Amino acid sequence: MELIDGKKIADAVKQEIALEVESIRVAGGKIPHLCAILVGHDGASETYVGHKEKSCAQVGFKSTLLRFEDTISEADLLAEIIKVNDDDDIDGLIVQMPLPKHINEQKIIEAINPKKDVDGFHPINVGRMVIGLPAYISATPDGIMELLRRYSIPTAGKRCVVIGRSNIVGRPMANLLSHKGTPGDCTVTICHSRTQNMKEVCLEADIIVAALGKPEFLTADMVKEGATVIDVGITRVASNKTKNGWKLVGDVKFDEVAPKCSFITPVPGGVGPMTIVSLMKNTLMAAKREIY
Ligand code: GUN
């Protein structure tokens, strides 16, 4: 069994990005600039946005955080997005989700200029990805593709099961794995809450991506000997063994699944660090106008 070290790969990719930013700076080119919009004070969102700002600083990007109270109206938030769309210095814009209930998230996503949509959530980017055109790809599935690539995990002709059908992970993940190329060329099945015989479906898989958000859902009896298991889950659960009283748990029952695997990602330190790196990669591409 080989542990996939997402932290190590993420640090290596960040180093590559930092070197490129430095050469852009020396050449007098455009320094990538990411803008994050954060509405309200959700604890997890604060943490994510904090990590994104820190990563921007590490690779030499400019970053701007625009904060609004959760009482902001949808119309006012839309107006703020238009301002960022029109700001030529800003290359990438993310609006941290979830948003307060009175704001229609889809409407907000669709207001972002697809050329600045470094989260890859806009239907134009999703559609372009599906038909294999250059596009900003949602950070978590993009980060997982990078892990498969850097660990040279065989994917061609392999059976993959993606558990979870969210717009930002499950669906794009299944799509990317089915594309031509390396990694790719997989035979993909998406499982979800209405799937029948999920255990039997999973037992067929050479690669399982668990992205349903249920702690320790994937157990050893669902995993074939020698499979690769990618764990996207991150749920905070109470723990009396840690100082802060909680720990992060993935969607995989790691201790019993790991011994059966050829490769597996831990939580934390697996997929998580790669997600932010993909956002940095997308922002660099935006500054270089590589996609549009
Ligand atoms: N909320 C949870 N994950 C994400 C993400 O990748 N991007 C944004 N904007 N919000 C999120």
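Welcome to this structure, where the shell of residues around the ligand is made up of four nonpolar, one polar and one charged. The residues that surround the ligand are Ile94, Val95, Gln96, Met97, Asp119 and Ala139. Keep in mind as you look around that this is a predicted model.

**Domains**
- The protein chain splits into domain 1, covering 28–114, and domain 2, covering 139–273.
- Taken over C-alpha atoms, the centres of domain 1 and domain 2 are 28 Å apart.
- An unreviewed UniProt entry assigns residues 138–290 the feature "domain: Tetrahydrofolate dehydrogenase/cyclohydrolase NAD(P)-binding".
- Within residues 138–290, 31% is helix and 18% is strand, and the end C-alpha atoms of this span lie 16 Å apart.

- Three strands form an open sheet in the order 3-2-4, and their pairing is parallel.
- Strand 3 (62–68) and strand 4 (92–95) each have a single partner strand, so they stand at the edges and one side of each has no neighbour in the sheet.
- From one strand to the next, the twist averages 15°.
- Strand 2 (residues 33–39) runs parallel to strand 4, and four bridges join the two.

- Helix 2 (residues 43–59) lies across strand 2 and strand 3, at about 165° to strand 2.
- Helix 3 (residues 74–85) lies across strand 2, strand 3 and strand 4, and runs at about 175° to strand 2.

Definitions and conventions
Residues are numbered from 1 along each chain as its sequence is written. This is a predicted model: local features need pLDDT of at least 70, side-chain atom pairs count only at pLDDT 80 or more; totals for chains, interfaces and linings use all residues. A residue is near a molecule or strand if its C-beta atom, placed from the backbone, lies within 6 Å of it. Ala, Val, Leu, Ile, Met, Phe, Trp, Tyr, Cys and Pro count as nonpolar, Asp, Glu, Lys and Arg as charged, and the others, Gly among them, as polar. Domain bounds come from an automatic or database domain assignment. UniProt positions are given in the numbering used here, feature names are shortened, and annotations may be inferred rather than shown by experiment. Two strands pair if DSSP finds at least two bridges between them. Axes are lines fitted to C-alpha atoms, for helices over the stretch in contact, and angles run from 0 to 180 degrees between N-to-C directions. Two residues are in contact if their C-beta atoms, placed from the backbone, lie within 7 Å.
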